[in-house]
Amino acid sequence: MTGTDHQHSEAVVQAAQWLAEQNPAPQPIIPHIRNRFGLSALEACEAAALPTKFRILRKAHG
């Protein structure tokens with residue numbers, strides 16, 4: 001599935017929430033969250049993209 005129908009695993013959501021709290025974010029980000037949360041490369045990329053999506057939605061919906 002893609003778009004708004006796509007469901008993320010709990011590990012991806014946890015990684016995204018953890019990443020959103022990091023300031024500055026660890027670099028390189030993908031290997032770091034793969035190791036920390038046991039994610040595949042695709043899941044790590046999804047987790048890395050979610051904090052930006054969260055911020056956009058927060059701005060749009062207050």
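Me: Where does α3 bend, and by how much?
Reply: α3 bends at Leu-50, by about 25°. A bend is the angle between axes fitted to the seven residues ending at a residue and the seven starting there. Pro-51, a proline, follows within four residues. This is a predicted model: local features need pLDDT of at least 70, side-chain atom pairs count only at pLDDT 80 or more, and totals for chains, interfaces and linings use all residues. Residues are numbered from 1 along each chain as its sequence is written, and side-chain values use heavy atoms, with hydrogens and water left out.

Me: Why is Ala-44 called buried?
Reply: Buried means under 20% relative accessible area, with exposed over 50% and partly exposed in between (1.4 Å probe, protein chains only). Ala-44 has 0% relative accessibility, so it counts as buried.

Me: What does Ala-44 touch, leaving out residues up to four places away in sequence?
Reply: Ile-30, Ile-33, Arg-34 and Leu-39. Contact means heavy atoms within 4.5 Å.

Me: What makes up the largest nonpolar core?
Reply: It has 10 residues, among them Val-12, Trp-18, Ala-44 and Leu-50. α1 (10-21) and α3 (41-61) each supply at least two. Five come from α1, the largest share. A nonpolar core is a set of buried Ala, Val, Leu, Ile, Met, Phe, Trp, Tyr and Cys residues joined through side-chain atoms within 4.5 Å.

Me: How does the span of α3 compare with the expected one?
Reply: α3 has 21 residues and reaches 30 Å from first C-alpha to last, close to the 30 Å expected. The expected span is 1.5 Å times one less than the number of residues. Helices are DSSP runs (H or I, at least four residues), numbered from the N terminus.
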